[in-house]
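Please examine the structure shown here together with its sequence. The report that follows describes how its parts are arranged and where they meet.

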Amino acid sequence: MKKFIIFFAITIGWIFCLVLPSAAQAPELREQLVYGLNVFNGRGYGGGFTPRTEDTIYLIADKDNAISARITLVYFWPITGKYIAGFQTLNEEVEGTLEVLKGEKVIETLEKEDNSLYYPEGYYGESSLFYKGEEAHAYIEEFMKAIEEYYNQIAEYQQAQTEYQENFDDFLEEIKERTEAGEEIKKEEIEERMPREPKPPTPPQFYVTPPTKDYVINLPVGNYKIRLRAEDGTIVQDSEKNLVLFTSRRTGGTGYEIIPGNRWTGRESCDDPSWIIYLAGKNTLYFNSFVQDEYNELYYNKLEDPQNIGREEKWRWVHTKSIKDVTLLFSKGEEVLQKIARVPYYVKQLAGAELGYEIVEFNPEDMEMYGRQPTFEGYKLELSSTLQKTNYEINLEKKEGEFFPGGKRGLRLVRKENAKSLYILSIFPLIVGLVVFIGRRRKLIPKK
Amino acid sequence: MISADPLNYPLFISTIIISFYLAILSAISISREKDQGTLEILFYGPVSCPTYILGKYIKDMLTYLVVVVFFLAYFLGVSVLTNLGFSYGLVKIIFVSIFSVSCIVSFGLFISSLTGKMRNSIIWLIGILIFFLAIQVGQTILFGMPEEKMSPILTYLGNTLSVVSRGVNWISPFSYLTRGIDTVALDNTFLYWLNILYSIIYSTILLVLSIFTLKRKGVRG
């Protein structure tokens, strides 16, 4: 027995000793062939890279996905436990053709194609569209034209602004002279003759990325392999990867993002209809609703970043598009308690306040918010402390009586005041045990 | 808080604590009787090794079933008092825990049948459980290390621990409990019933091994 304990302690100690010396070393840069990714993620396009350690690339089926082979410097970042690519230091494009294999058979040979991303609501907007070939060039030209036009408008605006300033100064001078001459000027005349300030031009709402040359993969669901064939006919070293094309299990669900009023940066998701929102006491919640699709957790996590982890047996909802023009209903049974509209909100930073901020309705006319954007939009649900602690529901109403599919969620107010009663409940098994014990003891010890 | 089954985690913790108690209880049950000499006297009567082991197993399982009744009453009470949902998932976990506890009890009985003294049974049980834990921790540490920092020895050790860890997942009775709870969280019916089937097979194998060991080692401490 002693031998076993000693052997066991030595083995564990040995493992830790082997690990420790490597803990404090500087990151080591290694030249690697990686695949740069610009792939469809259900709502738009996102980037990333696949280091040598990852042998599989995950993509959504039947969508255009751009990948490119590059030589770069890769190092391990212990804080995140992931490999980082130093594309700014070394970013060498690898030439060749990309072969796609099904089993051992080459089913497609891809050449590099020009492609660009089109953001209809601007670079920080929700959606992006992928264009390749002539279309990519057409859109970038359209964007360049729009930018050029905008710059021309800016130049015109600046000229108009200078003229306005001069005219305004002349106007003030004239008013001053006339007033000094004893003339009484009517307010209406001033308003009528006062030069009007020119309005600044609005920049193009959309954005288009400059075209890049990548391999565009668009394949049906299935398992494939890819490899890069160099111009001399050989297979490029480390270029072989497995390729998994997957699709969503369910589409068109409704998901919620909940912003708590007392911690607005700590957003939570309530995506599955079986999930229940538990609340205690007085609360203010801001709801955002989304159309969502359900994907395999491992595949989708790996799509977002090939170094992410996940489980193949698990599924996750992915928000694809905001749901607007609906009303949020807060109800108890059949009775609708509140009908809430979607409103933009602005988070005002406050010095010395308890939370350090205040969430107010966004008003572009307000001097404090002039020229600013709303922080977020949402449906504000205020729950008072006097509300009965029972079960409620939220739902999304399109029109009167017509609801958004899958928008129903349970909302429960927890009865915190009963928490003390739980101690009594916990003691219950002990009381039962004591009764059984005393009963048995009485049977065993004969009465005198 | 957003959750489908808010009481699952407290139930999991409660089940783990009860499982440890039952593991120790079953691990000392045979060795204690051997140690005290009562087993030898018992076997002069119409008692065989299979009936004795099955009797011990049924006794421990009935103990857990009593605990299950308390679990149901307690969590139902918590739900009524606090308005936290008593969900279908909770009932599924309680059901799967019966089979997982069966694995733990069988494992304890097997350890007990191997040893002749009560103290040794406890040391063996705790030692084996710490060994399982150390394998998991060691593998996690090595798994988190970058490839280029792995010396050939560490790479070899990592691969070995990975294989051993996979084996431990089938040997450790607590893995069946965590896997069972996991299948409820995943809402995967197939994996849920598969885990129950594996638990039954595991329990049967260990009970047969316990009978075989008891027959071979005899009833004297």
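Predicted model: local features only at pLDDT ≥ 70, side-chain atom pairs only at ≥ 80, totals over all residues.

The crossing of H5(B) and H6(B) is left-handed. Helix H5 of chain B covers residues 118–143 and helix H6 of chain B covers residues 152–171. The angle between H5(B) and H6(B) is about 135°, and these two helices are therefore oblique to each other. From H5(B), the residues that take part in the packing are B:Phe132, B:Ile135, B:Gln136, B:Gly138, B:Gln139 and B:Leu142.

A second pair of helices joins the two chains. H5(A) packs against helix H3 of chain B, which covers residues 49–82. With an angle of about 170°, H5(A) and H3(B) are therefore roughly antiparallel to each other. Here A:Ser421, A:Leu422, A:Leu425 and A:Pro429 in H5(A) meet B:Phe70, B:Tyr74, B:Gly77, B:Val78 and B:Leu81 in H3(B). Two packed helices are described by the angle between their axes and the distance between the axes. The table sets out both values for each pair.

| Helix pair | Angle between axes | Distance between axes |
|---|---|---|
| H5(B) and H6(B) | about 135° | 9 Å |
| H5(A) and H3(B) | about 170° | 10 Å |

**Chain B as a whole**

Chain B contains eight helices and one strand. Read from the N terminus, its elements follow the order β-α-α-α-α-α-α-α-α. Its C-alpha atoms occupy a box of roughly 60 × 60 × 30 Å along the principal axes. Chain B has 221 residues, of which 36% count as buried. Among its contacts between residues at least 6 apart in sequence, 83% join residues at least 24 apart.

**Where the chains meet**

The contact between the chains involves 33 residues of chain A and 32 residues of chain B. On the side of chain A, at least two residues each are supplied by helix H1 (2–19), strand E16 (268–270), strand E17 (276–279), strand E27 (409–413) and helix H5 (421–444). H1(A) gives the most to this side, with six residues.

The loop between E16 and E17 of chain A holds A:Asp272. Leaving aside neighbours within four places in sequence, A:Asp272 is in contact with A:Trp317 and with B:Ala4. A:Asp272 and A:Val244 are 28 residues apart along the chain, and their C-alpha atoms are separated by 26 Å.

**The domains of chain A**

Chain A is assigned domain 1 (2–133 + 211–246), domain 2 (134–207) and domain 3 (250–418). Between the C-alpha centres of domain 1 and domain 3 of chain A there are 34 Å. In the contact between them, 17 residues of domain 1 of chain A face 14 residues of domain 3 of chain A. The elements that give two or more residues to the domain 1 side are strand E2 (45–50), strand E3 (56–60), strand E5 (82–85) and strand E14 (241–246) of chain A. E3(A) provides the largest share of that side, four residues.

The loop between strand E9 (113–119) and strand E10 (129–132) of chain A contains A:Gly122. A:Gly122 counts as exposed because 12 C-beta neighbours lie inside 10 Å. Apart from neighbours within four places in sequence, A:Gly122 is in contact with A:Gln205, A:Phe206 and A:Tyr207. A:Gly122 and A:Pro210 are 88 residues apart in sequence, while their C-alpha atoms are 14 Å apart in space.

**Nonpolar cores**

In soluble globular proteins, nonpolar side chains tend to be buried together. The largest nonpolar core in this model has 39 residues. Those that touch the most other members are A:Tyr35, A:Val39, A:Leu59, A:Ile67, A:Leu243, A:Tyr299 and A:Leu303. Domain 1 and domain 3 of chain A each contribute at least three residues to this core. Another core, of 38 residues, lies apart from it and includes B:Leu7, B:Leu22, B:Ile28 and B:Ile30.

How values were computed
Residues numbered from 1 in each chain as written. Chains lettered and ligands numbered in written order. Core = buried A, V, L, I, M, F, W, Y, C linked by C-beta atoms within 7 Å. Buried ≥ 20, exposed ≤ 12 C-beta atoms within 10 Å, placed from the backbone. Domains from an automatic or database assignment. Axes fitted to C-alpha atoms, helices over the stretch in contact; angles between N-to-C directions. Parallel < 35°, antiparallel > 145°, perpendicular 65-115°, else oblique. Left-handed = near helix turned anticlockwise from the far one by under 90°. Contact = placed C-beta atoms within 7 Å.
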